[in-house]
Amino acid sequence: MRPRLFLRRCGDGPAVFVILIVGFIVIGMVLWLQVNYGPPIWVHILLFGPLTIILSLATLRWFKGILIAMQYRHNAREGRLSD
């Protein structure tokens, strides 16, 4: 019998991790900058808008690879509750 190959899907998991981690980092930097220097809102938009996009795009593929590798390592299958 030939083994079946399963398509590994990670769904929205990587996006959730990226939103939580990048959001924590960026909001922390926004609060630090506001408390210490008090710049106008356009400075925040100019600095942290592109930073958020760059960090999100840089880490999304990495988190997706990690989650798919974990599924493969732990032999996760769709619709299986127990062995």
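Tutor: The answers below take the core, the aromatic pairs, the surface patch and one histidine in turn. This is a predicted model, in which local features need pLDDT of at least 70 and side-chain atom pairs count only at pLDDT 80 or more, while totals for chains, interfaces and linings use all residues. Residues are numbered from 1 along each chain as its sequence is written, and side-chain values use heavy atoms, with hydrogens and water left out.

Student: Which residues make up the largest nonpolar core?

Tutor: Six residues do: V18, V22, V26, L33, F48 and F63. A nonpolar core here is a set of buried Ala, Val, Leu, Ile, Met, Phe, Trp, Tyr and Cys residues joined through side-chain atoms within 4.5 Å. Buried means under 20% relative accessible area, exposed over 50%, and partly exposed in between (1.4 Å probe, protein chains only).

Student: And which helices supply this core?

Tutor: α1 (13–36) and α2 (41–73) each supply at least two of its residues, and the largest share, four residues, comes from α1. Helices are DSSP runs (H or I, at least four residues), numbered from the N terminus.

Student: What is F63 in contact with?

Tutor: Leaving aside neighbours within four places in sequence, F63 contacts P14, F17, V18 and I21; contact means heavy atoms within 4.5 Å. F63 is buried, with a relative accessible area of 14%.

Student: Changing topic, how many aromatic pairs are there?

Tutor: The count comes to three. Rings of Phe, Tyr and Trp (its six-membered ring) pair if their centres lie within 6.5 Å; planes under 30 degrees apart count as stacked, over 60 as edge-to-face and the rest as tilted. The rings of W32 and Y37 have centres 5.8 Å apart and planes at 75°, so this pair is edge-to-face. Both W32 and Y37 are exposed.

Student: What about W62 and F63?

Tutor: Their ring centres are 5.2 Å apart and their planes at 70°, so the pair is edge-to-face. W62 counts as exposed, at 55% relative accessibility. Ring pairs also link F17, W62 and F63 into a cluster.

Student: Is L20 buried or exposed?

Tutor: L20, found in helix α1, counts as exposed at 56% relative accessibility.

Student: Last topic: where is H44, and what does H44 touch?

Tutor: H44 is in helix α2 and is buried, with a relative accessible area of 9%. Not counting residues up to four places away in sequence, H44 touches V30, L33, Q34, P39 and G49.
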